[in-house]
Amino acid sequence: MLIYEYKLDGNKQQYVAIDEAIRVVQFIRNKCLRLWMDGTVWGTISARRRINKNDLQCYCSILAKEYSFARSLNSQARQASADRAWAAISRFYENCRNKKPGKKGYPKFQHNNRSVEYKSTGWKLDHDGRHITFIDGCGIGRLRLVGNPGQHIETFPVKHIKRVRILRRADGYYVQFGVQAERQIEHIETGSVVGIDMGLKVFYADSNGKTVENPRHHRKAEKKLKRLHRQVSRKHKKSKNRKKARQCLGKAYLKVQRQREDFARKTANALVTSHDLIAYEQLQIRNMVKNHKLAKSIHDAAWGQFLSWVKAYGIMHDVPIIAVAPHYTSQDCSGCGERVKKTLSTRTHVCPSCGLVMDRDENAARNILAKAFEGTLGHRETHELVS
């Protein structure tokens, strides 16, 4: 599925209507979640039967009859809100079945929802692809689409547009079109295979000795973020000046987020297009950030986001992306296999057995590539669907 995103250009009344629709979505999701928590099917109390997805969708029509503001939202948008609640519930059930260690992700009530999603009804796209009209009872009306001139959403048949989602961000309102389409890219074989070792000193080092510098977007913006945080704290609560200060702070964080994503996408695309096989170590990032001395740097590097894009581009280019176990990749010698103990501060690998002297990260990348050829985990990651 392709996602086309445009910024929305409207007036103040239309933005207020969008905010009201978003609040209705949050209300419906929270009411569905309460229904599941209470274990109540409308009219009866079911102690033996679990609430299922169909019960939540049927509950939407009941809410529309009880609350007039809920009735103004499109019926399929109400069902999409119930689907959001069921997604949180099903994820909790799945974590319990799989005996996931730690917290299982028990569903929580939303307090700051920022989007509303329509399915195939409730909206109408103009033939020129530059305006969209929302025709439900929320009163949003006709909005202009501002985006990349190279994007042409009007070239797709309306039946191929499966989702239309309005998002509220710090710098305005956006609309996303989920288009049912397959993106096929013909990969040009290079005859090159590579293993990569993720790090903090450098973003990653590969088995060929090449490195990519760590951009440290949050670290560079930290001074400005601290100043904006101080400005927010000095403003009176519920005042207009505090609202303006919070908006400035949100824009600064949004810029860091976009910088990270842009870097991750471009770096992953360059890596996949230039190699025929990529191996990486399957790090448990959730456990690594428990180290309070490294947590900020690990979050700033955004390894998980980068690897998600590597897998996505690997599927597009039909390039195998292989995950290997991370055990002893930094300790073992890539030349002879001798285990050389090192601390995190030791950045150079010196093998007393074969005399190999190499950068620690490059040595680890070579071990990762060797493990991939041994078939420790196989081509599992290549064929997984990427959300």
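Colleague: How are H2 and H4 oriented to each other?

Modeller: In general, two packed helices are described by the angle between their axes and the distance between the axes. In this predicted model, helix H2 (residues 53-66) and H4 pack at about 140 degrees, and their axes are 9 Å apart. Angles over 145 degrees would count as roughly antiparallel; H2 and H4 are therefore oblique to each other. The crossing of H2 past H4 is right-handed.

Colleague: Which residues make the contact of H2 with H4?

Modeller: H2 contributes Lys 53, Leu 56, Gln 57, Cys 60 and Ala 64. From H4 come Arg 78, Gln 79, Ala 82, Asp 83, Ala 85, Trp 86 and Ile 89. By class, seven residues of this contact are nonpolar, two are polar and three are charged.

Colleague: At what angle do the axes of H1 and H4 cross?

Modeller: Helix H1 (residues 12-38) and helix H4 (residues 75-97) cross at roughly 45 degrees, and their axes come within 8 Å. Angles under 35 degrees would count as roughly parallel, and H1 and H4 are therefore oblique to each other. H1 also passes H4 in a right-handed crossing.

Colleague: Which residues of H1 and H4 meet?

Modeller: On the H1 side they are Val 25, Ile 28, Arg 29, Cys 32, Leu 33 and Trp 36. They meet Arg 78, Ser 81, Ala 82, Arg 84, Ala 85, Ala 88, Ile 89, Phe 92 and Tyr 93 of H4. This contact of H1 with H4 comprises eleven nonpolar residues, one polar and three charged.

Colleague: How is the pair H5 and H6 arranged?

Modeller: The axes of helix H5 (residues 217-234) and H6 come within 9 Å and cross at roughly 170 degrees. The angle is over 145 degrees, which makes H5 roughly antiparallel to H6. Their contact includes His 217, Leu 225 and Val 232 of H5, together with Leu 249, Arg 260 and Phe 263 among those of H6. The residues of this contact divide into eleven nonpolar, six polar and three charged.

Colleague: How many cavities of 30 Å³ or more does the structure hold?

Modeller: Rolling a probe the size of a water molecule over the atoms shows where empty space is left. Here there is one cavity of 30 Å³ or more, and the largest cavity holds about 50 Å³ of space.

Colleague: Which residues line the largest cavity?

Modeller: The lining consists of Phe 203, Pro 215, His 217, Arg 260, Phe 263, Ala 264, Asp 300, Ala 301, Ala 302 and Gln 305. Helices H6 (240-273) and H8 (295-301) each supply at least two of the lining residues, and the largest share, three residues, comes from H6. By class, the lining has six nonpolar, two polar and two charged residues.

Methods: Residues are numbered from 1 along each chain as its sequence is written. This is a predicted model: local features need pLDDT of at least 70, side-chain atom pairs count only at pLDDT 80 or more; totals for chains, interfaces and linings use all residues. Side-chain values use heavy atoms; hydrogens and water are left out. Axes are lines fitted to C-alpha atoms, for helices over the stretch in contact, and angles run from 0 to 180 degrees between N-to-C directions. Helices (H or I, at least four residues) and strands (E, at least two) are DSSP runs, numbered from the N terminus. Angles under 35 degrees count as roughly parallel, over 145 as roughly antiparallel, 65 to 115 as roughly perpendicular and the rest as oblique. A crossing is left-handed if the near helix is turned anticlockwise from the far one by less than a right angle, and right-handed if clockwise. Contact means heavy atoms within 4.5 Å. Ala, Val, Leu, Ile, Met, Phe, Trp, Tyr, Cys and Pro count as nonpolar, Asp, Glu, Lys and Arg as charged, and the others, Gly among them, as polar. On a 1 Å grid over the protein atoms alone, a cavity is a set of points where a 1.4 Å probe fits but cannot get out, and a pocket is an open set with protein on both sides within 12 Å along at least five of seven lines; lining residues have an atom within 4 Å of a point. Grid points are joined across faces, edges and corners, and a volume is the space filled by probe spheres set on the points.
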